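Please read these notes with the model open beside you.

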Amino acid sequence: MERGADFAEVYVERNEFTAVTLEEDKVKSAQNGLSQGVGLRVISGAKVGYAYSDDLDEEALFRAARTAAFIAQGGGSEQSFRVTRTPLPTFYRLDAHLADVEVSLKRDLVVRANKAARAFDQRIKQVSCSWADSTKRILVANTAGRLAEDTQDLCRLSTMVVAEGKKGERRTGSYGGGGRVSFAHFDTFTPETVAREAARQAIAGLGAADAEAGQQTVVLAPGWSGILLHEAVGHGLEADFIRKGTSLFAGKLGQKVASDLVTVIDDGTMANARGSLNVDDEGNAAQFKVLIERGELKGFMYDSLNAKLMNQQTTGSGRRESFKHLPMPRMTNTYLAPGEDTPEEILKSVDKGVYCANFGGGQVDITNGNFVFEVSEAYEIKKGKLGRPLKGVTLIGVGPEALKNVSRVGNDPMPDPGMGTCGKDGQSVPVGVGLPTLRIDNMTVGGTKVGGKR
Amino acid sequence: MSATNYEALAKKIMARALKRGAKQAEVFLQVGRNADVRVRDGEIEDLTQATSKGLGLRVFVKNRLGFVWTSDFDPAGLDTLIDRAIALAEMSAPNPLNGLPDLAAFGKLPDVGALYDAEVASLPPDWKIKASIEMEKVIRAFDPRIKTIDSVGAGESVSEIYLASSSGMHGSSQGTSVYLYASPVATDGEQLQTSYWYDAKRFFEDLDTPENVAAKAAHRAVRLLGAKKVKSQKCPIVLDPTMAAGFISSIAGAANGDAVFKKSSFLAAKLGQRIAPAHVSIIDDGLRPRGLATSPFDGEGVPTRRTSIIDHGVLKAFLYDAFTARKAKTKTTGNASRGYRSLPSISAHNLLLEPGTLTPEQIIKDIPNGFYVTAMLGHGANTVTGEYSRGANGLWIENGELTRPVQEVTVAGNLNDMLLQLDAVGNDLTFHGATGAPTIRFKELTVSGE
């Protein structure tokens, strides 16, 4: 602050990792890792200086502070700041930190998952399973007087399988889950459940037909399909893109951007969810935020810098992958509020279309709003009933247009099992998504077969 | 800590692991520093500077693998870490194929030339700020429809690697990189479009100018304004060099020896077969002079080399690390890739598609109706099944000319079929990062739109 900066912040992190991997019927490796360091951020007007180091000695820290302060050009004076500990709610209370759970117990989960996947069907030829957990301790203190500490545990059990059918046809299946949960979570969300679901997907896809290219009515299964929402609208509502005018949602606050049936929420306070936070990485409390209400754009997601530059309040959305990164506005758990239709009614309402049961990943260009959404398990819908499995289905659209075409929303809200990781500007953070069964009309389905002949 | 100290530290930890009961041990240590600046409206938007370090210790105890990594070099912590690695090995299954590379795999390291540029290592912070401001000016002046910029910036990094392996291999390597990037946003009042361009090189004198990087980025964004869907159809598809690089990365992913061994690659059964026209040659060149991914040795100390994956249309080789090579009863190709936080895994070094003789204009000229792709969305390629489907933006081709912009469509095919359909390769080899490709054309793929 002796250079006259407006704001300075210290972020300290210590993150312990454990992983177990299994392939080809053998536990391949057990791993431990430790990452620790400090990030110093100085803000002067709209200018940000950042320095980080994994050396925690005093000399390294002062050097980092001077580097971060390079951007400030005024005269100030060295001063001390009183910080007060912020009382925090707890959205994830664990019996024990995951770093303290015996590795052998974690190993047993992947061994059980492998066994269950192989036992599911003889056509399952390859199985790989992995366990990954981390226990991250963070401390944030800033010259605005805030001091916050949090311990954030996170884990995920995953299984990936390859099934082989006739004539060497191969199908993959994958499933997994976890979150900020106690290890005992896997007593009910068992490795067998995870493995069988991965295996079921792969077997179900054997003999799948080519998807027809072009516009169709699609029905999305509940849960993990919330990734559509994450891509189609979520990113475009992050305040950095709004402030810079690079998102197609910039300047549309209060406007109609989706069908009346669409209410989108980002909620960092869901119990034990993968994207939940007691505090964000700037020390601010996570919040429940309504982003779109009955189709009307209600608000954006702010970190403290963008909030200040835009005369708004932070929404507790400032997140960073680690001390090696600057915080920026990010999603936490993003979901669509339930509607009134039963899933059966929604399916019955479609004469011809595609049912999207499971999803790979997605990506969005927040500027033109184009998003894609890879469907790993799909079926044709004929006269309100599920038909043949389809392969190679990709959905593509422009965010607001797709949301305007939402014609039915199910009464079956469902969070994903806890397997999402979101990437932005090279930073990965854990997120949750959720969706009830959803019908979208006129969605472009990518495929290899050009239809219209029948 | 100086270079000699890091080297000594790596050796010390390796030796101590052997003493504590490891049959084999290996330390991979990385040290680096980096700096990055972004500007907005002629001023610094953010400036980041950092130093980082870390080491990974791999041990084999009774054919079982244990792995630990840390960024904390405190001696007491490191000591506990060694014991942990050995304890962790107990958790994994014994596998006689486990272990460091066989002695025969090591040997004389290739002369890869200089990878370190003293000029990059000593660039003043001012350079990044000036270069970025210059890019911003060029972008603003390029076209009045460019109203904002997502980001524009520059940076450099210096990295050092030390490897100490109980097999007797010790090595170190130093390298630099320097880069410029820009992503402007254009608007016509109705639609927003963005694009990006960047250049990254090991040597400052090889780096493209800020003007060129900025102008390319601006040109690529502006020409997409007014983009619309097209009708679903089958037609010729041209990928510009940046998109072609993505395609050959997918092919190299399918040439991963581990995926091949597990029959989880569409290329698994095709070694020695013709899988593409004769003008298709894909090479992984670990020795490419000044290449961003060039290094004298791989992540387990094996000398790097040049591996021809597809030679004149024939599938010649897969990529291996030591463990996978042992499983597949073949030799490592020096493709163990890693950072200190991860175990070695197979990946290409500098990957390239050999250029052909046609200019990009000649490739487009023959097309009465087709799609020139300049941006793609999604991961898209499934290297297990060969299915390929990605979101695509670009320009429609009519009568051999680039005409109207296109968005919100997908391009789909099957990688097997796409390789066979790859009917033209351009002479405009462009390296973007460590992967290089020229313009390429597929005879016919499916476009999904209206």
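1. Eight residues of domain 1 of chain B touch nine residues of domain 2 of chain B; two residues are in contact if their C-beta atoms, placed from the backbone, lie within 7 Å. Strand β1 (residues 24–40) of chain B supplies the largest share of the domain 1 side, seven residues. Strands here are DSSP runs of E with at least two residues, helices are runs of H or I with at least four, and both are numbered from the N terminus. That side of domain 1 of chain B has three nonpolar, three polar and two charged residues. Ala, Val, Leu, Ile, Met, Phe, Trp, Tyr, Cys and Pro count as nonpolar, Asp, Glu, Lys and Arg as charged, and the others, Gly among them, as polar.

2. This is a predicted model, in which local features need pLDDT of at least 70 and side-chain atom pairs count only at pLDDT 80 or more, while totals for chains, interfaces and linings use all residues. Residues are numbered from 1 along each chain as its sequence is written, and chains are lettered from A and ligands numbered from 1 in the order in which they are written.

3. Chain B is divided into domain 1 (3–36 + 46–105), domain 2 (118–160 + 174–222) and domain 3 (227–450); such bounds come from an automatic or database domain assignment. Between the C-alpha centres of domain 1 of chain B and domain 2 of chain B there are 37 Å.

4. For chain A the assignment gives domain 1 (7–205) and domain 2 (209–450). Their C-alpha centres lie 22 Å apart. Here 37 residues of domain 1 of chain A are in contact with 28 residues of domain 2 of chain A. Among the elements giving two or more residues to the domain 1 side are β1 (7–23), β2 (26–44) and α4 (191–205) of chain A. By class, this side of domain 1 of chain A has 17 nonpolar, 14 polar and six charged residues.

5. How do the axes of helix α2 (residues 103–120) of chain A and α4(A) cross? They come within 8 Å and cross at roughly 40°, with axes fitted to C-alpha atoms over the stretch in contact and angles running from 0 to 180 degrees between N-to-C directions. The two helices α2(A) and α4(A) are therefore oblique to each other; angles under 35 degrees count as roughly parallel, over 145 as roughly antiparallel, 65 to 115 as roughly perpendicular and the rest as oblique. The contact of α2(A) with α4(A) has 10 nonpolar, no polar and three charged residues.

6. Is A:Ala202 buried or exposed? A:Ala202, found in helix α4 of chain A, counts as buried because it has 30 C-beta neighbours inside 10 Å. A residue is buried if 20 or more other C-beta atoms lie within 10 Å of its own, exposed if 12 or fewer, and partly exposed in between, with C-beta atoms placed from the backbone. Leaving out residues up to four places away in sequence, A:Ala202 touches several residues, including A:Ile124, A:Val161 and A:Arg171.

7. Two loop residues deserve a look. B:Lys62 is not a glycine, yet has a positive phi of about 50°; B:Lys62 is in the loop between β2 (43–61) and β3 (64–70) of chain B. With 11 C-beta neighbours inside 10 Å, B:Lys62 counts as exposed. A:Arg294 has a positive phi near 45° and counts as partly exposed, with 14 such neighbours inside 10 Å.
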